[in-house]
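I opened the model today to look up a few things. My notes follow in the order I took them.

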Amino acid sequence: MNITASILQRILVNHFYKVNAGFFLFLFFVLFGIPVPAAGFHFALINGILDSYVFLLLVFAAWLLYNLKCINYIIQQLRHERQSFLFVVNQNSPVKVMLYMLFVQAMVYLPAIAYATAIVIIAISRHLYLMAILVCLFNALICIASALVYTVALQRKQLPALTRLPGIRWQPGKPLFSMPFFFAWHNRAQMLLVTKTFSLLLLYGFIRLYNPDHYDIRPLLLVCMLSATAHSALVFQVREFEEEYLSFVRGLPITLLKRCLNLVASCWLFILPEMLFLWTGYPLYFTIADYFQLVLMMTALLCFYHAVLLTANFTMDSYLRTVFGILAGLFFIVLYNPGIILPCILLAISLVLYGSYYYAYEKKC
Amino acid sequence: MLHFENVQKEYGNFLALDIPTLTISKGICWLKGENGSGKTTLLKMVAGLHPFKGDILLNGLSIKKQRQAYLSQVSYAEAEPLYPSFITAEDLIKLYCQTKKSSIEAARDMLRQFNIHDDYKKPLGAYSSGMLKKLSLVLAFTGSPQLVLLDEPFITIDAEALETTCGIIMQHAAKGGSFIITSHQPVNSGQISFTNILVAENRTISSLSI
């Protein structure tokens, strides 16, 4: 690999996977960890895709969404002042610049290419050549178009509006507790979208597909816990944001109690859509009293995931492993039906951890 | 006014600062030292942003035992302030005024003095580094703190803002406020009259008389 490709790989590609490690780990867990056996599930899924144009279009839409995430990230990096030295790549011939950008696109788009390759292989083995050509064509077009966009961005020219995600000009006042949410809204929009889509789909799927033969809050409680856990990568990003951009808040004369209340309010803001959506399952799945247990559990879990990050210097990888460990432990406790005591204890532990480590925490470089 | 008791700051196993005992009297104090000598670390410890061993007392209030009362008397402006790009100066001013129980109008007046009031409702992402620096200085003076910590207050800002900053420092000092200021730039004695000099070297802080 020549030096330019190597630098692009290290600055753009490796950093992309590092920043999105949580997203990929989560996706891997959902796609390959939950379905058993994973190979059989994906073989059936790919056959389903090849048998239905509607299904294929849905897959194209998913790839397109993922590619938008790639484009937004790469453009952001190419325009970042720290990466301004990359302008020197423009000294190469336009064809060579385009090839470099194609290389970058292929590397960040690799997960989609890998899945598309599996689809093409199965399509050819089933003699569904049109489907194979459509999949190849779609991905080739996406890669070439994205590489073109990166080339324009590298030249620091104005990009067409289509390549930018639509923004919403909404400027309400932002009290302290709302800042983590607005950070996600403005700076981690795709992550927020993916998290909310998955979390709400989980609740929707459960409420639509599961028919209880007797009243038991535990299955819905477990789904709510999964739904809250889906936010863990976002919580990690929020913690990093707080450390970098809200460090001044530590020096403000705010009582620990108020800081704890801010944390709870900030978690509520994140799970507000889930809290509202849950009502579609009333009264079949829960009573009013149990609704508070569900909301308290989601809040307590988010607070706990947040507080845990203050106890040590976690990487995204070590943090997600801790989160899955916590979830597994809580899963067994929930089986014994501890009722509202569990979320109450969890919230209390979270706030004690938060209070104990808030001023003592220091990020190690 | 400000007293250090067995203060030690470590980064991992590296002892960055060791101050067995030190008392800084009221006034405007110039904290000098080479790059990496621990000036910013000291300011951040006094501002309550860095954890450390030992204790720091401001007018008898301990940062460890009476943190909220202590912090209501201290303000800190960073050398290179970082704020979320999506919030506005209005959001920050309201947050500071609410927590420091002070007047929003007084803070807005200072924004006018620094010529950034027109951008009061704009997201900070649209601010230049100089504007952010001016905003951080305004926030540091919000709430009439007893002790203002200014880390390189004269960098990034224009000549007019430098005059304004010096004027506000002298006004605040006349009302009884104290300062610890770090600056690599030589400060004109006509603009600011320092009463103390602190030197950061050999992993400790010592006081020099003027």
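**Entry 1: between the chains**

I began with the salt bridges between chain B and chain A and found one. I used the rule of a side-chain nitrogen of Lys or Arg within 4 Å of a carboxyl oxygen of Asp or Glu. The pair is B:Lys9 with A:Glu362, and their closest N and O atoms are 2.6 Å apart.

Next I looked up polar contacts between chain B and chain A: five residue pairs, both residues at pLDDT 80 or more. A polar contact here is a pair of N or O atoms within 3.5 Å; within protein, one must be able to donate a hydrogen and the other to accept it, and residues adjacent in sequence count only if both atoms are side-chain atoms.

Which elements of chain B supply at least two residues each to the side that touches chain A? I noted strand S1 (2-11), helix H2 (67-71) and helix H3 (89-100). H3(B) gives the largest share, six residues. Helices (H or I, at least four residues) and strands (E, at least two) are DSSP runs, numbered from the N terminus.

I sorted that side of chain B by residue type: 14 nonpolar, seven polar and six charged. Ala, Val, Leu, Ile, Met, Phe, Trp, Tyr, Cys and Pro count as nonpolar, Asp, Glu, Lys and Arg as charged, and the others, Gly among them, as polar.

The contact (heavy atoms within 4.5 Å) takes 27 residues from chain B and 25 residues from chain A. The buried area between them is about 2,200 Å², with 67% from carbon and sulfur atoms. That area is the accessible area (1.4 Å probe) that the two parts lose on being put together, summed over both.

**Entry 2: ground rules and confidence**

I kept in mind that this is a predicted model, where local features need pLDDT of at least 70, side-chain atom pairs count only at pLDDT 80 or more, and totals for chains, interfaces and linings use all residues. Residues are numbered from 1 along each chain as its sequence is written, chains are lettered from A and ligands numbered from 1 in written order, and side-chain values use heavy atoms, without hydrogens and water.

Chain B averages a pLDDT (the predictor's confidence in each residue, from 0 to 100) of 91, and 98% of the residues score at least 70. Within chain B, S10(B) has the lowest mean, 87, and strand S7 (residues 147-151) the highest, 96.

**Entry 3: strands of chain B**

I traced an open sheet of four strands in chain B, ordered S2-S1-S4-S5, with antiparallel pairing. Strands S2 (14-24) and S5 (61-62) of chain B are at the edges with a single partner strand each, so one side of each has no neighbour in the sheet. Two strands pair if DSSP finds at least two bridges between them. S4(B) (residues 53-58) and S5(B) pair over two bridges. B:Leu58 has B:Leu61 as its bridge partner in S5(B).

I then checked S9(B) (residues 196-201) and S10(B) (residues 204-208): antiparallel, joined by five bridges. B:Ala200 stands opposite B:Ile205. Their hairpin has two residues between the strands, and B:Asn202 takes a positive phi near 50°.

**Entry 4: single residues**

B:Thr156 has a positive phi near 75° and is not a glycine. I placed B:Thr156 in the loop between S7 and helix H6 (159-174) of chain B.

In chain A, a cis peptide bond joins A:Tyr282 and A:Pro283, with omega about 5°. A:Pro283 is in the loop between helices H12 (256-277) and H13 (288-311) of chain A.
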